[in-house]
Amino acid sequence: REEKGLQKMYASPDGKMLVFGGDKDGRATLVCSRTKRISGGVKMNAQCMGVAFPGDDGQQILTYGNDANVYLWDVRMQTRCVEKHMDVGGLKNGYVIAASCNLTAPGSSSSHYYYATGQPSGVVNLYSSATPILRGVRQPVRELMNLTTPIDCLQFSPDAQMLLFASRDLKDSLRLFHVSSRTVFSNWPTVKTNLRRVNCAAFSGSSGYLAIGNDAGAALLYRLQYFEPY
């Protein structure tokens, strides 16, 4: 099969798998990072706009279609969609999706994860895998409406305490959301923080540092004092 849509690449948390999305026929191609060979793929009913790896082991993937649907797949059973739901308020040509590590509540043996979708309207929906899907809809635990231009960047911190979301359409359009308190940080970035147009962002392994790449070709490194440096 000739692959026609390899515009976007996503790596699993353990680095063992690469997923290429963007194919207009809805296919996301799985590649083994060790052998550099195609190991399979999943196929949606719409163009694949984004891919995320929920949890910690890379055994599941979330795909986001331009039909505003979120699909969950088991990598071991690639032809089977485990679950599917409509992105609440989602429009066609949704942009990005991100997922967190597994989280376990104190005194509980079950775990869940968060994931978020970014829309062209600037809205970010935060979901929990623990919320049931009813009639094809999973209600978000929080809708973030702080930005008004298309969301291009979504990133959870490694411990899932923070969610970063940004848009490159306007200067300094970046916000940090504290997941457990369900609040957006109001003290950063400030009007004096010159981020320019944000193209990408990433947290360090302990969440102690935040790197931001902008349209000037600069990589800005910020220290998050609450967290351990490394």
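Asp 215 and Arg 196 form a salt bridge in which the closest N and O atoms are 3.1 Å apart. This pair links distant parts of the chain, since Asp 215 lies in the loop between β20 (209-214) and β21 (219-223), while Arg 196 lies in the loop between β18 (183-184) and β19 (198-203), 19 residues apart. Asp 215 is partly exposed, with a relative accessible area of 37%, and Arg 196 is likewise partly exposed, with a value of 30%. The model described here is a predicted one.

## Other salt bridges

A search of the whole structure finds 4 salt bridges. Side chains of opposite charge can pair when their charged atoms come close. One of these bridges brings together the side chains of Glu 83 and Arg 138, at 3.0 Å from N to O. Here too the pair links distant parts of the chain, with Glu 83 in strand β8 (residues 77-86) and Arg 138 in the loop between β13 (124-128) and β14 (142-144), 55 residues apart. Glu 83 counts as partly exposed because its relative accessibility is 23%, whereas Arg 138, at 3%, counts as buried.

Asp 74 forms a salt bridge with Arg 76, and the closest N and O atoms of this pair are 3.1 Å apart. Asp 74 has a relative accessibility of 10% and therefore counts as buried, whereas Arg 76, at 60%, counts as exposed.

## An open sheet of four strands

In another part of the description, 4 strands form an open sheet in the order β1-β2-β3-β4, with antiparallel pairing. The edge strands are β1 (8-11) and β4 (38-43), each of which pairs on one side only. From one strand to the next, the twist averages 25°.

Strand β1 is joined by 4 bridges to strand β2 (residues 17-21), and the two run antiparallel. Within this pairing, Tyr 10 has Val 19 in β2 as its bridge partner.

## The enclosed strand β16

Strand β16 (residues 162-166) is largely enclosed by the rest of the structure, because 5 of its 5 residues are buried. Both of its faces are covered, with Met 162, Leu 164 and Ala 166 buried on one side and Leu 163 and Phe 165 buried on the other.

Strand β15 (residues 153-156) pairs with β16 in the antiparallel sense over 4 bridges, and the bridge partner of Phe 156 in β16 is Leu 163. The two strands form a hairpin with 5 residues between them, and Ala 160 in the turn has a positive phi of about 65°. Strand β16 is also joined by 5 bridges to strand β17 (residues 174-178), again running antiparallel, and in this pairing Ala 166 stands opposite Leu 174.

Methods: Residues are numbered from 1 along each chain as its sequence is written. This is a predicted model: local features need pLDDT of at least 70, side-chain atom pairs count only at pLDDT 80 or more; totals for chains, interfaces and linings use all residues. Side-chain values use heavy atoms; hydrogens and water are left out. Two strands pair if DSSP finds at least two bridges between them. Axes are lines fitted to C-alpha atoms, for helices over the stretch in contact, and angles run from 0 to 180 degrees between N-to-C directions. Buried means under 20% relative accessible area, exposed over 50%, partly exposed in between (1.4 Å probe, protein chains only).
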